[in-house]
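Here is a friendly walk through some ring contacts and a helix pairing. Have a look at the structure first, and then we can go through them together.

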Amino acid sequence: MKTLSSILFVFYFLIGFSQTSEEIVNISNEFLSTLSEETKSEVLRGFNDSLRTKWTNLPVGLAKRPGKKYGDLSDESKIKFHEVLTTVFSSQGYLKTTSIMQLDDMLNARVDEAIEKKLIKEENISRIKALDWDYNNYFISIWGNPSLQTPWSLKFEGHHLSINLTIIKEEISFTPMFLGADPALMPSTKHVGLRVLSKEEDYGIKLINSLDESQQKIATLSQDVPRDIITNPSNSQRISEYQGIKANALTTDQKALLMLLIKEFIKNLEDEKSNKYLREIEEKGLDEIYFAWIGSYKKQEPNYYIINGPNFIIEYDNTGNHIHSIWREKDNDFGEDLLRTHHINHKH
């Protein structure tokens, strides 16, 4: 017989989950209400538009984005959009998102410093400036109308950032979720030492170094560090093969480190949502997850890892001082699986 505390936990979990979805709908509509009709027409797109399921992490100067530029919003709209972000994310996820945006301004400061010291060739300056790095150069688009009755999506995207929510009634897909950092460690300017995606690196290094020699041999793939995550938007390849060491070959302490690393990605979400995903991972079985590594076992050196489970993939790639990372749900990026279920239950 279930204890009262366990029944209350389940009740709280279910109620909290639906309330959180409703909160995202409500705050998104509040954000839309702050926009002029002209601006709203730029933000709102058709749910079936093929661009909804396209994403990129390239600078805006190399890849235009649909939607409205964050920097062109009124202060009232900016404040309300930050409420959208703080509703979707935990404080951890919110600070990573906004810090990645700020990195663009810091990157510009580094470029200006290098230009002043004549470390950049004159002919390269205009090409670098054309990349258009800037805190304001991130774009907001909403696909469909925020509602608990019909499917809709929210995309927030720019350099090193691609946030994709698909909401179908009380269910939400948050992937693909791409977070990147350049530089991974700020080597100069007044922000020297700053590391936006620090724990994604630190916990990975800690896990690979916790393995003994025989375990490392299984986990480490004998190939060069990829120049990018394998499931990047310009690569049609999807990872289907399991490689590396299976979690059932890890010690209890090593499994705890693996879970800590996974949580660093999942806990970017607001608490109820992240708990839902972590429960699903545990139900599928931690022992069924594979961990693979390529490259150096030291921080701030080129390395790559992948965590491949029955229902998700996490990739991390550091080309030296430049991080790309992604969390993807298998068969449910952009709500693919949720939409299949929705269409089966609601014949159109």
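Arg-52 sits over the face of Phe-47, 4.1 Å from the ring centre. Keep in mind that this is a predicted model. The table puts the two side by side.

| Charged residue | Ring | Distance to ring centre |
|---|---|---|
| Arg-52 | Phe-47 | 4.1 Å |

Searching the whole structure turns up 13 aromatic pairs. One of them joins Tyr-242 and Tyr-290 in a tilted arrangement, with 5.0 Å from centre to centre and 35° between the planes. Tyr-242 belongs to the loop between α7 (213–219) and β8 (245–246), while Tyr-290 is in strand β9 (residues 290–295), so this pair ties together parts that lie 48 residues apart in sequence.

Finally, the helices. The axes of α8 (residues 252–266) and α9 (residues 271–284) come within 10 Å and cross at roughly 145°, and the crossing is right-handed. On the α8 side, the contact is made by Met-259, Ile-262, Lys-263 and Ile-266; they meet Ser-274, Tyr-277, Leu-278, Ile-281 and Glu-282 of α9. Sorted by class, this contact has six nonpolar, one polar and two charged residues.

How values were computed. Residues are numbered from 1 along each chain as its sequence is written. This is a predicted model: local features need pLDDT of at least 70, side-chain atom pairs count only at pLDDT 80 or more; totals for chains, interfaces and linings use all residues. Side-chain values use heavy atoms; hydrogens and water are left out. Axes are lines fitted to C-alpha atoms, for helices over the stretch in contact, and angles run from 0 to 180 degrees between N-to-C directions. Helices (H or I, at least four residues) and strands (E, at least two) are DSSP runs, numbered from the N terminus. A crossing is left-handed if the near helix is turned anticlockwise from the far one by less than a right angle, and right-handed if clockwise. Contact means heavy atoms within 4.5 Å. Ala, Val, Leu, Ile, Met, Phe, Trp, Tyr, Cys and Pro count as nonpolar, Asp, Glu, Lys and Arg as charged, and the others, Gly among them, as polar. Rings of Phe, Tyr and Trp (its six-membered ring) pair if their centres lie within 6.5 Å; planes under 30 degrees apart count as stacked, over 60 as edge-to-face and the rest as tilted. A charge sits over a ring if NZ of Lys or CZ of Arg is within 6 Å of the ring centre and within 35 degrees of the ring normal.
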